[in-house]
There are 2 protein chains.
Amino acid sequence: MMKKICLKDIAEKVGVSTALVSYVLNNKKEGRIKKSVAEKIREVALELNYRTNQIAKSLKTNKTFTIGLIVADISNPFSSNMARIIENEAYKNNYTVIFGSSDHNAARFDKLVDTFLNRQVDGLIIAPGENAVAQILLLRQQRIPFVLVDRYFPDIKTNYVALDNYEASWAATQHFINCGYQKIALITFNTSLFNISERKRGYIDALKNNGIPFDKNLVIEIGNDNMKAAVEHALEHLLALNEPIEALLFATNAIATYGLKRINELNIKVPEQLALISFDKTDALDLFYAPLTYINQPLSEMGRLATKVLLAAIEGDDTITQLNLPAELVIRSSTVMSKKQDSPS
Amino acid sequence: MMKKICLKDIAEKVGVSTALVSYVLNNKKEGRIKKSVAEKIREVALELNYRTNQIAKSLKTNKTFTIGLIVADISNPFSSNMARIIENEAYKNNYTVIFGSSDHNAARFDKLVDTFLNRQVDGLIIAPGENAVAQILLLRQQRIPFVLVDRYFPDIKTNYVALDNYEASWAATQHFINCGYQKIALITFNTSLFNISERKRGYIDALKNNGIPFDKNLVIEIGNDNMKAAVEHALEHLLALNEPIEALLFATNAIATYGLKRINELNIKVPEQLALISFDKTDALDLFYAPLTYINQPLSEMGRLATKVLLAAIEGDDTITQLNLPAELVIRSSTVMSKKQDSPS
DNA sequence: TAATTTTGTTTAAACGATTAAACAACTGGG
DNA sequence: CCCAGTTGTTTAATCGTTTAAACAAAATTA
């Protein structure tokens, strides 16, 4: 690495004080500085290829223009798409994003928060796991600006931007029912995460509301590790029931992806043998031979709003913003009006 | 935000100098410090919930433990998977990753490099676009540690970790030929990027080597914007040729994804009507009704090695490392031995 | 006991910026 | 000709660390 050029180098070369150089390069004291001197400074700065040391600047100004983004796994398309949106919004506002994947792991999450705070990030955008509560409370207590995305904790008063999961799940289930399906199953996670439990609640309430008894055998909750095997197992279990299921709701895109692979392998006819709906979309859903009906999350909107809320908080706005955005059910080939159709409205 | 605790606060509370506090918290001067004092300092640090100001530390030590990662688009699965690997490797070595998407845009790329350098990143991992050459040269000239991944410039002497694209493409084409396909098409990008041109070269050489004349009508090079339409158009063009094509190689996963969607819509039978191979894998490839034969890039290996090379460079190692990793052809259902089979070896 | 070494701690400069306040040199009005 | 205001620039403190060097007291050696 070559010696880095600093204000002092410019100052010396031009023959002025570093203060003046700083003023010029930051366009402060506009009227006061002699045109010719300002010009000379800019010229020399360019010539020496000067680059502000943002670290030094941050130390003095107590502002890093950095946002920390913590997701479960950046390689998940939901996360990476979100990351991209957030990056764009941040970029527009001259912020840089540092990111980390918590991997559903409390220790790693804590470490990430710690690292980011040590680096004096101006704020955090977090898609929290269920074991993140303690840290979240700490963040709130320390008045660190942050906003939760995708997931949140109903009992903790924080900024969040999420989906109206209950409503979305209800709508999907209702769509199944409208199509005439009665035996409707759900594969979801066995987690206390609110967004996931809301999906289950929406599913159950939609059933009840239509007079369909809730059968707990039709809901399978899987763990987070070895998802592939768990989903396959769940699927096979559901298909082996005495009264076979007619429709299946995947509670997340990851579950859907593994589920579809297996359905492909088992040569199950969709939607004839089994109707499907997935939460969230991925390219994968399009490539299934019967493009899937899915619940479309307003990802860009979420990312945009999350960043906006965070930046406002960073600017000192201390109102709490809680947003449950509506999802949209995109109906495609994996659900159709079936025989025992009970006249939708 | 609450007042932040700094060394001075601890020092005052314990009744020692900040130097001593610093020594203790950094485990320096191990033998010299009185046990009881060290303990007291640690105790108070904990009690006050002290957190080192990494910014100040970085300013002094001239080391940020930060890596800048620049990809074309973090929401592309290739990039986000890579990002995840790099994040893990960095994490293990106590580095943090800041990232940015250049969006195939020279100005944005320049801005990102600039921002990252201002932030005094210790080094950069870059998947460069074709218009990145100038900046790359500058980086080299300024002796900034960096390593290119996925793409590189054969004429510029830099660290890089990439795929042996020529070999991979050759192998895929040879596999088509072994299966008995003769009319083999390629959809690729019209770019000067070396990795992409190598894919074309491998394709052509494999054909030639087997005595199959190269027909330039069978290679379609599309632009980067409105990819979806371009791919669809390319596909339709290829299918409408007088002598219809029998096999098709997608030069990237993005092209494959759009291509497959269209093939799905057009109800083309794979592999009967058209055999397919894709570069790189995504979940999407598995969900196509005929799971695709694909060229598997050793992504983890690439990410791991790239980080390793970068960290070595940061440590001062100034040997240039250039790696072309071998790909693996994963044969699945989108290619089969066809009728006019010409006895593979 | 004096000199030396060891132990434990402090002093103070530095990193590279920002910025309030001080200062110097003009300009112009009365 | 003096004072006030304006213009242009510098001084110096500061942000929160690190760390070489200085220092003081205690322990060891001669």
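1. Chain A has a radius of gyration of 26 Å, whereas a compact globule of 345 residues would have one near 20 Å; the radius is taken over C-alpha atoms, and the globule rule is 2.2 Å times the number of residues to the power 0.38. The C-alpha atoms of chain A fill a box of roughly 90 × 40 × 40 Å along the principal axes.

2. This is a predicted model, in which local features need pLDDT of at least 70 and side-chain atom pairs count only at pLDDT 80 or more, while totals for chains, interfaces and linings use all residues. Residues are numbered from 1 along each chain as its sequence is written, and chains are lettered from A and ligands numbered from 1 in the order in which they are written.

3. Chain A has 13 helices and 12 strands, these being DSSP runs numbered from the N terminus (helices H or I, at least four residues; strands E, at least two). Buried residues, those with 20 or more other C-beta atoms within 10 Å of their own, C-beta atoms being placed from the backbone, make up 47% of the 345 residues in chain A.

4. The contact between the chains takes 45 residues from chain A and 45 residues from chain B, where two residues are in contact if their C-beta atoms, placed from the backbone, lie within 7 Å. On the side of chain B that touches chain A, the elements giving two or more residues include α5 (77–92), α6 (106–118) and α11 (253–266), and the residues there divide into 18 nonpolar, 18 polar and 9 charged. Strand β2 (residues 96–101) of chain A pairs with β2(B) in the antiparallel sense over 3 bridges, pairing requiring at least two DSSP bridges; A:Phe99 has B:Val97 as its bridge partner.

5. Helix α8 (residues 165–179) of chain B reaches 21 Å from its first C-alpha to its last, close to the 21 Å expected at 1.5 Å a residue, the expected span being 1.5 Å times one less than the number of residues. Because 11 of its 15 residues are buried, α8(B) is largely enclosed by the rest of the structure; among the buried residues are B:Trp170 and B:Phe176. Just after this helix, B:Gly180 takes a positive phi of about 105°.

6. Of the 26 residues around DNA strand D, A:Ala19, B:Cys6, B:Ala19, B:Ser22 and B:Asn53 come nearest, a residue being near if its C-beta atom, placed from the backbone, lies within 6 Å of the strand. The largest share of this surface, 5 residues, comes from α4(B).

Methods
A residue is buried if 20 or more other C-beta atoms lie within 10 Å of its own, exposed if 12 or fewer, and partly exposed in between; C-beta atoms are placed from the backbone. Ala, Val, Leu, Ile, Met, Phe, Trp, Tyr, Cys and Pro count as nonpolar, Asp, Glu, Lys and Arg as charged, and the others, Gly among them, as polar.
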